[in-house]
Structures are given as structure tokens and as C-alpha cells.
Amino acid sequence: MRNEKLQEMYCAHRPLIHFTSKKGWVNDPNGLIFYEGYYHLYFQYYPEGVQHGPMHWGHARTKDFLEWEELPIALYPDEKGTIFSGSMVYDKENTSGLGTKESPPLVAVFTQHLEEGKKVIQYQSIAYSLDGGMTFTKYDENPVLDMGLRDFRDPKVFWYAPEKKWVMVTAAGQELRFFCSDNLRQWKESGIFRQEDMKPDVIWECPDLVKLSDEHGEQRWVLFISQNTQDYVESGVRYYTGYFDGSNFYAESGTKETLFVDFGRDNYAAATYAEVEGRVIQQSWMNCWAYAGILPEAGFRGSMTLPRELSLKKTAEGYRILQKPAKEALEGLRRFGQQVSLSSGNSAIEFIPGIYHFRLEKNMESIRFQHAGKWIEIKIDFCYGKIMLDRSHCGGKEYGPCFQEMNWMYFHDLKDRELYVVLDVTSLEIFAAGGESVGTFQYFTERPLENIVIGG
Ligand code: FRU
């Protein structure tokens, strides 16, 4: 697809398979749900500008995670506040009474953020849809959960079958709070999750709690938290594996360990799709608050990662998550022949978007994606089990130190030498070591990347 259209996309910094809105500012994915053949993506949206503003929930849907159809805005701010992040459930039994048994509602649970002079308050509200998520009616007794807190947001709600009840987990500053409900309208607090020795500048956002399995069918609950720190050094999506008893979560190796889902900078506010049978599919905002507001814009700003399927792997140090691109996206890209396999030498970049597959033979390898004397470099050191990415040679000084730094992580599987890169106009997503080492990176070049150089 080396043509003028691609050059045009580069000038506009418009990804081809990663969701972007036609105009305006986008951050976190919200209310992810599979319903009647479509994956619905709602998202933090400010349509009137390219900075974070009074937030709405935008809406898009897809069947294959490659082609996205943007739909009318789902939720607008009101006198109770702007609409911050949250989740969506399909209330099949109409426990909320907001639909009927014959026509059960989709219920969105979200934070309303209210600023009155210097005072800020956040509480949880709900809205329901009886037309498959196209339009929503806000519940007239909102908010449904108000603790009088300033930082109290991003409710993730799910059905806990063993006790036939709804569970909500929310971020509240440096801790997570758990609540239960029979009807999505009245909530009772059931637990608090904290980490020992938390640094004072840490803030937790966008929690998610799901059950994952390893290849032997062994299961653990996995708690995901988006963590922001003032200098962004320890910002990103972290996770704990452990147990959930219907009221609270317990990390199986204590809370000292810090595991991140991604060694890149551009994976934040991760959320999973509700109502997906047999798979857990996670998607994130492909960005970092350190520079999200100063990256190039062309009337729109912000995009989402490629959705990923999650599973667990048991290692000597405990469970780790594995990630691979969602099946639909993989199949779609392969169907269009957009998969290229390489093991050495130079090669022209044929497809954007495309999946580039590498088989690494030696102990230390580097892979460069080049364009007009500039490059992005992946380095893999199999002796130490370390993968790195350096995008500092491809511009971006103006986006600050977080954009320029070298990112890396250790991995356990030194035998698996397959590496996949999903390449789009402004992003590179790396899947290595069987999905144990995943890195998500944005890049901004004036012209399409031209070739790949594999070095020893
Ligand atoms: C995370 C976040 C959430 C909040 C939303 C506001 O990126 O800060 O905690 O609900 O963005 O847009």
C-alpha cells in the first residue's frame, strides 16, 4: 500500500487500523462490550477541541477490530458533572428494573466529575439503553454512589455469578474500593485494596478485575490498575494476580511487586470487553499523559491500542500475563496478505498496516525500522532475556524525556525467538516471548517508514 494515500495518512498522522475519532480529543476506552455481533467501544471524548475538556462518552463499533465505525455521542455532560470513565453491563435479568424482562437494558456505569469553584467532587452514575447501546437515558436519581470524595472514579462493574450480585471496583486516590449491589442502583461497600509503602505522588485510575487461565486451565483473578505518577517514571498499567472472594481482592505474592503489562509508554487506561465468551480481550488508550496533549494533531488527537487476548503463564516467580493481538484482527491482516516473515538482512516495508514476523537466530539482535536516515530500534538480548526499544533517533525531542527514553523489560522465555510487530502509521506494537513481553509505542515521522534492517 505504498501510495499517495499512505503519504496523506502520514501527513495527517492518522492510523489506519487503530481507532481514532474524526475530530476532537480522545482518551480512555470506556464501556467496552460485545453485543449482537459488534464490539462496542465507548471512549472519553471532547468533541470541541484537541485537548482534554468537558468529557463525553464517544461511541464506535467494529466487527473485526480493524475497521471502526464512529457513531453519535452516547453520553453528554449535565448539571451533575462531566462524564468520566466507566464500564458497561448487559443486565439480562433486568435486575435494575430499567428495562423489561423481554427487553433487558445495557447499563453504563460512569463517574460524574463536578467542579464548583475550587471544590471537585466525583461520584458514580448510571444510564441505560434499550436500543443496543445507540442511545442512553440517564437514571433520574443519579448519582447512585457518592462518598463525598474528590478522587473517586472509573467504576468497573461485573456480575459475580457465585453470589448472584453485581460487583463494582473503583479507584479512590491511592486505593481501590469494592462495592456490591443487587440492582445496580444501590451499592454497599465490601472491601478496600491497598499497596504497602505507596509513594505520595502515585494516583490510581481505571481498575479492572478479570479471571484468566493458563494453558493447563489453572485460573487466577487478575487486577489491573492504571497508575500515574507526577514524573511519569512509574506510570502505566500494572497488575496483580490473586484471589477474589466476592468482596475483596487478595494479591497472591503480596503487594510489593510491581508488574506492568507493557514495556512501552503508550498503553494506559486498559479495559476489557464484557460479554465475550471464552476470551478476555483488553484494549487501552495508546498514549501517555506525559505528552498526550502535545503530540501532533490534525483536528483529532488520541487513539486506541490493538485489542489483545489475555491468558496466564506460570513462571518460577509467579503468574505472568500473556498477550496476543485479538484473533479477529490477526485473521483480517493475514487475509489481506499483510503478514511478512523475516529472519535476516534488509527488506522493504511492504505493508502499513501489517504484521511483521521475525525469527531471531543469534543471541543479540537488533531490528531497525527506518525512514530517511531516521530509525526506531528494537534490541533483544537472549543471554539476559531482555528486550528494549529506542525511538530517540526518529525525532520527538519536543515531546519530552518520556518520549525519548529507552524502554525495556526482562522476559522468562529464552527459547521462544519469534517476534511480531504490528505496524501502523503512528504506532508499533511488539509481541515477543510468546506474548510475555509486549511493547506499545507511538512514533511520528513525516514520511512512511521505508525499510527494515536486521543486525547482529
Ligand atoms: C485516566 C483518567 C480517568 C478519568 C478520565 C478522565 O486516563 O484520568 O481516571 O476518568 O481519564 O478523562
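**Charged pairs and a ligand shell**

R220 counts as buried, at 11% relative accessibility. Buried means under 20% relative accessible area, exposed means over 50%, and partly exposed lies in between (1.4 Å probe, protein chains only). This is a predicted model: local features need pLDDT of at least 70, side-chain atom pairs count only at pLDDT 80 or more, and totals for chains, interfaces and linings use all residues. Residues are numbered from 1 along each chain as its sequence is written, and side-chain values use heavy atoms, without hydrogens or water.

Side chains of opposite charge can pair when their charged atoms come close. The whole structure holds 24 salt bridges (a side-chain nitrogen of Lys or Arg within 4 Å of a carboxyl oxygen of Asp or Glu). In one of them R220 pairs with E252, with 3.1 Å between the closest N and O atoms. R220 sits in strand β14 (residues 219-228) and E252 in the loop between β16 (249-251) and β17 (259-260), so the bridge ties together parts 32 residues apart in sequence. Strands (E, at least two residues) and helices (H or I, at least four) are DSSP runs, numbered from the N terminus. E252 is partly exposed, at 30% relative accessibility.

Now turn to R308. Its closest N and O atoms with D262 are 3.4 Å apart, a salt bridge. D262 lies in the loop between β17 and β18 (268-272), R308 in strand β21 (residues 308-315), and 46 residues separate them. D262 is buried at 9%, and R308 is buried at 1%.

Elsewhere, shared partners join D151, R153, D154 and E205 into one salt-bridge network.

R153 and D154 return at the ligand. There 13 residues form the shell (a heavy atom within 4 Å), and the closest are D28, Q44, H52, R153 and D154. The shell divides into five nonpolar, four polar and four charged residues. Charged covers Asp, Glu, Lys and Arg; nonpolar covers Ala, Val, Leu, Ile, Met, Phe, Trp, Tyr, Cys and Pro; the others, Gly among them, are polar.

Several side chains reach ligand oxygen atoms. A side-chain N or O atom of Q44 is 2.6 Å from one. For R153 the distance from a polar side-chain atom is 2.7 Å, and for N27 it is 3.1 Å. Taken alone, the ligand exposes 320 Å², of which the protein buries 96% (Shrake-Rupley method, 1.4 Å probe). Strands β1 (24-35), β5 (82-90), β9 (153-160) and β13 (203-213) each give two or more residues to the shell.

Technical notes:
A polar contact is a pair of N or O atoms within 3.5 Å; within protein, one must be able to donate a hydrogen and the other to accept it, and residues adjacent in sequence count only if both atoms are side-chain atoms.
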